[in-house]
Amino acid sequence: MASANDDVRERLAVLGEIAAEVAHELRNVLQVITASAYLAKQDPAASAPHLVKIERNARTAHGIVDDLMSLARGEPAKAEPILLVDVLLAARADVGEADFRDEIEPTSLRVRAHAGLLTRLFHVLYENAVAVTAPRPPTLWTRARLVPGALLIEVDDDGPGIDPAMAPQVFDPLVTGRSGGTGLGLALAKRIAGAHGGEIALGSPQEGRTGAICLLTLPTS
Ligand SMILES: Nc1ncnc2c1ncn2[C@@H]1O[C@H](COP(=O)(O)OP(=O)(O)OP(=O)(O)O)[C@@H](O)[C@H]1O
Ligand SMILES: [Mg+2]
């Protein structure tokens with residue numbers, strides 16, 4: 001029988017994972033803030049655009065902490081109808097160079113989701129594709145379509161593909177196949193999908209194609 005201590009230990013383990021995922025997501029924005037502050041100091045007379053960037057990224061950092069810590073409470077994500085294209089565009093900020101191609105049907109497609117969390121999920125997928133395909137920029141397709149009861153969103157790249165030996169564990173924390181990786185991105189993506197009552201899985205590339213496919217399923221009813 002599980003004791004109260006086991007329960008506390010389990011909750012602390014989840015909190016530890018989420019704290020690490022917060023750090024993972026803050027890394028990018030802190031880098032942008034540091035670089036912009038450096039540039040602003042170089043030429044104070046032309047610092048305005050850098051200060052705007054610092055302010056925007058500081059706001060993003062606050063949002064990341066608030067949104068991800070709300071996951072620690074184990075509550076379902078506070079969902080509202082949002083335009084999918086807005087989420088995808090926000091997720092592309094500062095992921096590096098990529099050729100983004102979208103097939104969203106209809107283009108005005110709305111999704112019931114927490115905007116901040118869903119943005120983090122796509123940010124993780126895009127940053128992985130850029131990292132594993134470097135130094136070449138990847139082509140990244142994002143396809144969305146409605147099926148009865150669910151919205152399916154597929155992110156497909158033309159990189160090296162997921163190592164088949166790693167595929168079954170790739171959404172577990174601390175599973176990484178690249179130097180400098182911590183293995184937290186896809187674990188966060190899975191947690192965010194789950195908080196929306198959805199799931200994320202790997203798809204299989206079509207015959208003769210390389211690259212990875214991540215398939216997000218979100219319930220619509
Ligand atoms: N699009 C992709 N193509 C090929 N392999 C991928 C792709 N996305 C993820 N992977 C593999 O899955 C591993 C786990 O990804 P995950 O985002 O969880 O961690 P990471 O990128 O290694 O580290 P980080 O914590 O910095 O994100 C990667 O190290 C990589 O080997
Ligand atoms: Mg990653």
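Start with α4, which contributes five residues to the shell around ligand 1, the most of any element. Helices here are DSSP runs of H or I with at least four residues, strands are runs of E with at least two, and both are numbered from the N terminus. This is a predicted model, where local features need pLDDT of at least 70, side-chain atom pairs count only at pLDDT 80 or more, and totals for chains, interfaces and linings use all residues. Residues are numbered from 1 along each chain as its sequence is written, while chains are lettered from A and ligands numbered from 1 in the order in which they are written.

Now select N128, T176, G177, G181 and G185: of the 24 residues around ligand 1, these come nearest. A residue counts as near when its C-beta atom, placed from the backbone, lies within 6 Å.

Next, pick helix α3, residues 84-91, and colour L84, V87, L88 and A91, which are buried (20 or more other C-beta atoms within 10 Å of their own, with C-beta atoms placed from the backbone). They lie on the same side of α3, because they cover an arc of only 95° around the axis, taken from the directions from the helix axis to the C-beta atoms.

Then visit two cis peptide bonds. One joins E105 and P106, with omega about -10°, and P106 sits in the loop between β2 and β3. The bond from A134 to P135 is also cis, with omega near 5°; P135 is in the loop between α4 and β4.

Key:
A residue is buried if 20 or more other C-beta atoms lie within 10 Å of its own, exposed if 12 or fewer, and partly exposed in between; C-beta atoms are placed from the backbone.
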